[in-house]
Amino acid sequence: TIVDEIISLAPDLVVNDILNTTSNYIKQLQKNAIKILNFEDMGSGAACADLVVNELYDEPRIPGKNILWGHKYFFLREEFNGAKVHRFADRVESLLITFGGTDHNDFTSMALKTILGFCRQQGVRIFIVTGPGYSHKDRLRNYIAASGSLNIEYTHSTGVMSSIMEKAQIAITSN
């Protein structure tokens with residue numbers, strides 16, 4: 001099992017990016033003197049973990065003294081330390097659409113379809129980034145190709161988000 005694999009590595013700390021950990025999973029790791037840090041965890045394991053950071057919700061959704069809530073707590077990848085800062089401009093020339101690693105509801109396509117005509121009229125370049133779990137990739141690529149717009153740049157599963165964000169002045173996104 002994955003728990004056995006983790007235990008065999010003998011880590012001091014396990015960081016979970018799992019929306020719903022189980023208390024059984026967390027307790028098995030802790031029995032082996034492993035500290036647990038979870039983020040965005042709303043499962044039964046959240047109450048057992050050593051620390052949980054849930055930045056998406058400002059108000060507690062589940063009980064636990066080990067849970068930090070709200071926008072004050074977040075993780076920022078190191079790549080953003082040297083990213084170029086944007087200055088406000090009178091005219092928007094570029095826009096980013098990105099909805100995380102999976103985007104199960106395909107908000108990416110909905111946003112693109114909603115703004116494409118306006119962006120085309122205004123000459124706004126569109127950058128789209130989808131994550132590794134995005135399952136609508138082929139349909140999105142087909143839509144982009146059929147739109148005939150040369151002002152759309154699509155990137156799937158990038159490792160360097162900051163370089164794409166540097167190109168865009170405004171974003172349509174969610175965390």
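Reply: Start with a polar contact. A polar atom of the Ser94 side chain lies 2.7 Å from the backbone oxygen of Lys167. This is a predicted model, so the distance is a computed one. Ser94 belongs to strand E5, which covers residues 94–98. Is Ser94 buried or exposed? Ser94 is buried: its relative accessible area is 6%, and the cut-off for buried is under 20%. Which residues does Ser94 touch, leaving aside those up to four places away in sequence? Val124, Arg125 and Phe127 are among them. Lys167, Ala168, Gln169 and Ile170 are touched as well.

Now the four-stranded sheet. The sheet is open, and its strands run in the order E1-E2-E3-E4 with parallel pairing. Strands E1 (13–16) and E4 (67–69) stand at the edges. Each has a single partner strand, so one side of each lacks a neighbour in the sheet. On average, neighbouring strands here are turned by 15 degrees against each other, direction ignored. Take the pair E3 and E4. Strand E3 spans residues 51–54 and pairs with E4 in the parallel sense over three bridges. Asn54 has Trp69 of E4 as its bridge partner.

Last, the helices. The axes of H3 (residues 107–122) and H4 (residues 137–147) come within 11 Å and cross at roughly 15 degrees. Angles under 35 degrees count as roughly parallel, so H3 is roughly parallel to H4. Their crossing is right-handed. On the H3 side, Thr108, Ser109, Leu112, Lys113, Leu116 and Arg120 make the contact. H4 contributes Leu140, Tyr143, Ile144 and Ser147.

Notes
Residues numbered from 1 in each chain as written. Predicted model: local features only at pLDDT ≥ 70, side-chain atom pairs only at ≥ 80, totals over all residues. Heavy atoms only, no water. Pairing = 2+ DSSP bridges. Helix = DSSP H or I, 4+ residues; strand = E, 2+ residues; numbered from the N terminus. Axes fitted to C-alpha atoms, helices over the stretch in contact; angles between N-to-C directions. Buried < 20%, exposed > 50% of the residue type's maximum accessible area, 1.4 Å probe, protein only. Polar contact = N/O pair within 3.5 Å; in protein donor to acceptor, adjacent residues only side chain to side chain. Contact = heavy atoms within 4.5 Å. Parallel < 35°, antiparallel > 145°, perpendicular 65-115°, else oblique. Left-handed = near helix turned anticlockwise from the far one by under 90°.
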